[in-house]
Each structure stands twice: as C-alpha cells, then as structure tokens.
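Subject: Structure handover

Hi there,

Here is the structure I promised to pass on to you. Please open it alongside this email, and my notes follow below.

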Amino acid sequence: MSTPYPFTAVVGMDDLRLGLLLNAVSPAVGGVLVRGEKGTAKSTAVRALSALLPAVPVVSGCRFSCDPGAPDPACPDGPHESADGVSRDARMVELPVGASEDRLVGALDIERALADGVKAFEPGLLADAHRGILYVDEVNLLHDHLVDLLLDAAAMGASYVEREGVSVRHAARFLLVGTMNPEEGELRPQLLDRFGLTVEVAASRDPDQRVEVVRRRLAYDDDPAGFAARWADEESELRARIVAARALLPSVRLGDPALRQIAATCAAFEVDGMRADIVMARTATALAAWAGRSDVTADDVRQAALLALPHRRRRNPFDAPGLDEDKLDDTLRESAGDDGGGAPDTHDGNDDDGPDGPDGPDGGGGGGLPPQRDGDGGPGDTPQQQEPAADGSDTPAQQETGGGAPAAPGGGGEQAAAKAAEPFRTRMLSVPGLGDGAAGRRSRARTEHGRTTGSRRPQGALTKLHLAATVQAAAPHQRARGRSGRGLVVRRDDLRQATREGREGNLVLFVVDASGSMAARQRMSAVKGAVLSLLLDAYQRRDKVGLVTFRGKDAEIALPPTSSVDAAAARLDTLPTGGRTPVAAGLLKAHEVLRVERMRDPSRRPLLVVVTDGRATGGPDPVALAARAARLHEAEGVASVVVDCETGPVRLGLAGELAQRLGGTAVTLDELRAESIAGLVKDVLVKDAVQDAQSSSTRRAA
C-alpha cells in the first residue's frame with residue numbers, strides 16, 4: 001500500500017484543513033464540499049485525512065462494518081449478538097464519476113430472489129464507506145440521481161435498496177467529502193444545500209509559499225516513506241487532538257445566546273429552509289470542541305457561518321457563492337445586543353493557538369468570498385464597442401483594432417457592451433426522435449429511469465426487471481420443469497429487462513450573431529437576454545452548452561462544449577459587437593465543433609441554436625455561402641432552431657429562410673417566451689368564445 005502524503009505537511013489551505021477536521025470531529029456536520037481550481041491539493045488533503053482517523057472496531061466477517069459494541073439489528077449479515085470484534089483502519093472509499101447505481105448502493109440478485117426466495121445482496125460503496133470516508137472527486141460531474149442517493153444516505157445514516165418488491169437496508173454513516181472545479185459546471189442549489197460545509201481553495205500567489213509547496217512535493221515523490229516519517233510526530237499530535245475533541249464534543253454547551261445568533265444570521269442572509277441553522281449549530285459545537293472549550297462563543301458562530309452559508313446563498317447558476325462579512329459582523333453584533341460597535345473578537349481569550357499556530361486549521365477566514373480573477377468585472381474590465389457603420393461594415397476605429405474588437409476608451413461613437421435584458425422562461429426546445437444520451441430533462445431517450453415502455457432480454461447483468469414479461473416467458477415451461485408447488489420455476493433465460501423512456505440532456509450549441517446590425521436599436525440587449533434565458537433552461541435540463549460567435553470576417557469558439565453554463569454567461573456578458581455578418585463562417589465553425597464533440601461523446605445529441613437576423617454580408621455571395629453551410633447541418637440531421645432577431649416595421653424574413661435550409665424551425669424573440677405560447681392559446685380561446693357568443697346572439701335575434 002502506498003504511503004499517503006501527511007496531512008500536516010499540506011502548505012496553507014487553512015479553510016480546507018479546518019473543514020475536514022471539523023467533520024472528522026463531528027460527522028453529523030454533514031460533510032464538506034471543496035470548490036477550487038485544478039492543482040490545488042484538494043484530493044491530496046482528503047486522502048491524507050484518512051490516515052488521521054482513529055482505528056475502527058468492527059464485527060469479524062461483517063461486510064457492513066458493524067460496531068461489536070452496538071451492532072446494527074437490521075444488518076443483512078446479522079444478527080451479531082455475540083460476535084467477536086477486530087480493529088481495522090478507517091477506510092477512505094472513492095466513488096468514481098462513471099459509477100452505476102448498483103455500484104453505489106449495492107446489487108440484488110433478482111434471479112435468486114425469484115427462483116429461490118433468497119436475498120442475495122452484494123454490498124456497494126456506501127457499505128464499504130460505513131464508519132469511514134466517502135470521497136467523490138468531481139462531484140459536479142456525477143449524475144444527479146446518484147448524487148441524490150448519496151446525499152439521502154448521508155442524511156439518514158442508512159441505505160435502502162429496492163428491486164421489484166425485494167428490499168435491503170443497512171447502516172451507512174460516513175464522512176462525506178466532495179471536490180469540484182466550478183469551471184466544469186455547478187451543482188444544483190438543492191444539492192449544494194445538502195453538503196454541510198463548503199470551502200473555496202485557490203493556489204497561493206505568494207512566491208515563498210509556492211516554493212515550499214514544490215519543495216515538499218519533490219521530497220515526498222523522492223522518498224514517500226522517509227518524508228512521512230519526518231512528519232510522524234505532527235501527525236500523532238493531530239490524531240490525538242481529534243480523539244480528544246470527539247470525547248469532549250458531547251459535553252459542549254450551545255447556549256441560547258449562540259442559538260439566537262445562529263438563527264438571526266440565517267434569517268439575515270435569507271437562506272432557504274432550516275438545514276443551515278442546524279448545520280451552523282453543529283459546526284459551532286465542533287469548533288468549540290476542537291478548541292478544547294466546553295462553551296460555544298460568538299467567534300465559533302462567526303466561523304461556522306463562513307463555512308456553512310456561502311453555498312446556500314446561491315439561487316441560480318450565475319450567482320457566485322460568497323458571504324458579506326461586514327453584514328455578518330453587523331448581524332452578530334445586533335443579535336448579541338452589543339451597542340459598542342466593532343466586529344466580534346477573533347480570539348476567545350485563550351492565548352494558546354494550538355499546535356498549528358494562529359494561521360493553522362484553528363483559524364483562517366473560512367468560506368468567505370471566492371478570490372477575484374482578472375476579468376471578473378472589476379474596474380476597467382468592461383469591454384467597449386463601436387457603433388456599427390450604416391452598411392454593417394467595420395468603422396475606421398474598429399478596423400484599426402482588428403475588425404470590431406474592443407477599442408480603447410475615449411474614442412467617438414463608442415458604447416459599453418450591451419447588458420443582457422431580464423431573463424425569462426423559454427418555450428421547450430427539444431431534439432426529435434429517441435436518443436440514448438446521458439440522463440437529463442430535454443429530449444426523449446431510452447434511459448435507466450422513466451416510464452416502462454417494453455422489455456428485452458438482458459445484455460449482461462439484469463438491472464431493471466420487467467416482472468410481467470418474465471412471468472409470461474416462464475409460464476409455458478412450468479410443466480416441463482416439473483413445477484409441483486405454488487412457486488414459479490424461473491430460469492435465467494426467462495428474465496426480461498425493462499426498457500424505459502425518460503429524458504436526456506443534449507449539447508446545446510449557441511451560434512450568436514455579434515455583427516454591427518445586431519448592435520443597432522438596442523437589439524443586442526434583447527438578444528443577450530434571450531440567450532441568457534436559454535442558458536438557464538439548459539442548466540435546468542442538464543445540458544452541455546457551447547458558444548460560437550461570428551462578426552467581422554470570421555467566427556470564433558467563445559466557449560467549447562462544457563457543463564458550466566455560468567462560464568457561457570460570463571462569455572456572453574463581455575461579447576463585443578460590430579462589423580459584417582459572416583453567417584457562413586459561424587455555421588462552418590459550429591459544424592467543426594459538433595464534429596469533434598461527436599467523436600468525444602457520440603451518444604449526446606446536439607441542438608443547434610442560431611441567434612441572428614439572417615442578413616449575411618461580407619465576401620462574394622454571402623447568402624449562397626450561408627445556404628451551403630446550412631445544408632451541411634441538414635445533411636447530418638442536426639436539430640436546429642433559428643431565433644429571428646429581426647425587428648422594425650420592415651422585415652425581410654431571412655432568418656426564416658435560413659431555418660428552412662437548416663431543416664429546422666424559426667422563432668422570433670417574442671415567440672421564444674413560454675408565456676407567449678400560453679398567450680396565443682388564450683387569445684384563440686377568447687376569440688372562439690366571442691365568436692360563439694356572437695353566433696348565439698344572431699340566432700336568438702333571428
């Protein structure tokens with residue numbers, strides 16, 4: 001077995017270490033979600049924690065790690081009335097992103113259950129992780145239904161497996177740790193809320209600290225055992241402190257003043273539900289135990305808020321997690337009835353900062369606002385754009401800066417990048433036919449979950465039994481098989497797998513016209529609002545998204561296909577406009593993106609959304625070029641929608657012609673709204689009612 005990197009040798013990352021240690025002291029906190037950029041020691045720290053956990057006494061031979069002092073009465077391997085106990089190290093179990101439901105919760109042998117009446121259960125990863133650590137790297141890429149199962153088990157402390165009337169339950173209490181890179185997509189707010197704590201990590205910008213990180217990592221790679229031996233004393237001290245904090249935890253007092261501060265803080269930050277209050281209370285109690293105190297202080301409540309609330313403030317995928325620390329201090333001061341002013345003291349009166357010093361896992365800011373990167377909307381980051389020429393071509397200033405690129409501020413006729421209009425609920429756009437892609441909420445597909453539509457012979461292990469079809473297949477052979485009792489004699493050849501139809505997520509590729517004609521008459525604001533609305537819809541339907549823009553003389557991939565819709569929204573926010581309208585270039589770039597993505601993920605069907613007024617300009621015969629590019633997508637059967645952005649009293653209908661060549665449909669910006677569809681239906685019903693009333697009046701008059 002390889003030697004893990006010592007936990008105490010991790011440089012910096014105070015919030016990460018504190019969050020992990022608090023969960024080690026009190027697993028009831030509910031786990032920790034670690035958010036951060038790649039290469040920031042997220043996985044290293046989690047794996048190192050397992051070596052610090054105390055040894056676990058288990059019933060000898062029990063696959064579910066029952067405690068010999070208090071065995072689970074419902075254990076599938078039980079009963080364990082007088083079982084011998086053995087001691088083993090706490091496990092760290094990793095859940096891979098591509099794991100199946102049976103691998104997570106366990107699998108029942110349906111064939112033996114039907115034929116022999118035996119509950120033959122193969123434990124899953126939840127059973128393996130009982131009384132240890134369950135680690136999910138890239139939890140944001142895990143299928144939603146698996147995340148739901150995982151978090152349900154973590155909340156209830158038990159796992160339930162139900163298969164065609166056969167059920168198994170076993171204990172599943174573990175320290176849940178998830179890591180994720182927000183650039184690859186966010187978790188839904190409902191799932192974020194199920195994690196007790198969250199911490200943001202980023203690589204240090206201090207050269208001295210970075211040097212120390214490299215020095216320690218190289219030393220570990222050269223001699224893992226020798227490096228670990230040099231940190232053995234620090235590891236032993238930290239392990240002993242965890243044991244002492246666990247022993248102290250039941251006697252920690254959470255008084256009414258601290259409870260009022262917790263409730264006031266959650267109310268002030270308008271978090272949903274009561275889970276935040278409960279998590280804050282448990283976290284503050286664990287902080288007091290970790291510090292060796294028997295009473296919860298205001299500082300514990302403040303630190304608990306910084307760890308437990310930032311991710312619960314997120315309402316939609318475009319909200320950045322974070323907490324206003326000034327508002328937090330004001331709330332704590334007001335709820336404590338302190339009129340003296342000033343933030344709560346950051347020390348509890350004890351000069352002993354613990355073995356890690358004042359900047360170690362005892363302290364740190366803890367879960368505050370994420371670090372700001374260049375281009376995140378700070379001063380000077382707002383791109384400028386030129387007013388397009390009357391014929392849609394580049395203005396002289398745009399030509400000097402590269403065909404409509406953002407120019408330096410101060411020039412005549414410049415304007416800031418258009419802000420997106422308020423997003424709205426969009427109509428349902430879907431890919432026709434039946435797919436086989438990843439589970440989602442957009443297009444019809446054959447899936448593991450959904451309504452049963454038929455049956456087939458199983459290919460490999462049976463996962464979803466079609467009971468009626470199985471009985472029908474076995475019934476004709478009962479006499480030949482010597483059936484004598486009431487039970488049905490079932491053979492493996494009789495088993496039938498249920499085929500189910502649900503919804504899949506698609507690749508929604510946006511091709512956005514950013515030419516000069518789109519910047520006229522405030523049109524770009526409405527266009528950005530429409531695309532933002534479609535991005536929100538894609539987020540809710542579990543789609544991947546990509547963004548191609550075209551203007552001037554060419555097209556570019558603003559965002560390759562990704563699960564991060566907030567990244568697409570950020571690109572959209574700074575989208576410059578100006579220049580001619582190379583529709584053909586945009587469609588050809590989209591064709592290339594889809595070709596590459598088809599090789600990477602052939603089961604994910606694309607939906608092409610072209611946002612333009614259809615007025616192709618630039619180059620020889622731009623309309624014919626656009627038509628030929630559109631026919632490429634039509635020939636490959638790509639589902640397409642053209643959002644017609646043309647406005648004004650005179651409309652040429654060019655976007656509609658483009659949609660015909662793509663083999664898709666065209667909708668106007670107004671028709672894209674879901675409420676507009678309801679309005680059309682309502683108008684028709686009202687007109688019918690009026691006509692019926694008029695006809696009745698005419699008949700009565702006659």
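Across which strands does helix α19 lie? Helix α19, made of residues 565–573, lies across β18 and β19, and it runs at about 15 degrees to β18. Please keep in mind that this is a predicted model.

Those two strands belong to an open sheet of six, with mixed pairing and the order β19-β18-β17-β20-β21-β22. At its edges are β19 (554–562) and β22 (665–668), each of which pairs on one side only. On average, and ignoring direction, neighbouring strands of this sheet are turned by 20 degrees against each other.

Within the sheet, β17 (residues 507–513) and β18 (residues 544–551) are joined by seven bridges in the parallel sense. If you want a place to start looking, find leucine 507, which stands opposite lysine 544 in β18. Helix α18 (residues 523–540) also packs on the sheet, where it touches β17, β18 and β20 (606–612). The direction of α18 makes about 175 degrees with that of β17.

Now for another part of the chain, helix α8. This helix covers residues 207–222 and includes leucine 218. Together with Val213 and Val214, Leu218 makes a nonpolar surface patch of about 250 Å².

Arginine 217 is in helix α8 as well. Beyond its neighbours within four places in sequence, arginine 217 is in contact with Tyr5 and Thr44. The C-alpha atoms of arginine 217 and alanine 9 are separated by 9.3 Å, although the two residues are 208 apart along the chain.

Finally, some totals for the protein:

- The protein has 23 helices and 22 strands.
- Of its 702 residues, 48% are buried.
- Taking contacts between residues at least 6 apart in sequence, 79% join residues at least 24 apart.
- The protein exposes about 33200 Å², and carbon and sulfur atoms supply 50% of that area.

Happy browsing, and do write back with any questions.

Best wishes

Technical notes:
Residues are numbered from 1 along each chain as its sequence is written. This is a predicted model: local features need pLDDT of at least 70, side-chain atom pairs count only at pLDDT 80 or more; totals for chains, interfaces and linings use all residues. Side-chain values use heavy atoms; hydrogens and water are left out. Helices (H or I, at least four residues) and strands (E, at least two) are DSSP runs, numbered from the N terminus. Buried means under 20% relative accessible area, exposed over 50%, partly exposed in between (1.4 Å probe, protein chains only). Contact means heavy atoms within 4.5 Å. Accessible areas come from the Shrake-Rupley method with a 1.4 Å probe; for residues, only the protein chains shown count as cover. Patches are made of residues with over 30% relative accessible area and no salt bridge: like charges are joined within 9 Å, nonpolar side chains (Val, Leu, Ile, Met, Phe, Trp, Tyr) within 5 Å. A salt bridge is a side-chain nitrogen of Lys or Arg within 4 Å of a carboxyl oxygen of Asp or Glu. Two strands pair if DSSP finds at least two bridges between them. Axes are lines fitted to C-alpha atoms, for helices over the stretch in contact, and angles run from 0 to 180 degrees between N-to-C directions.
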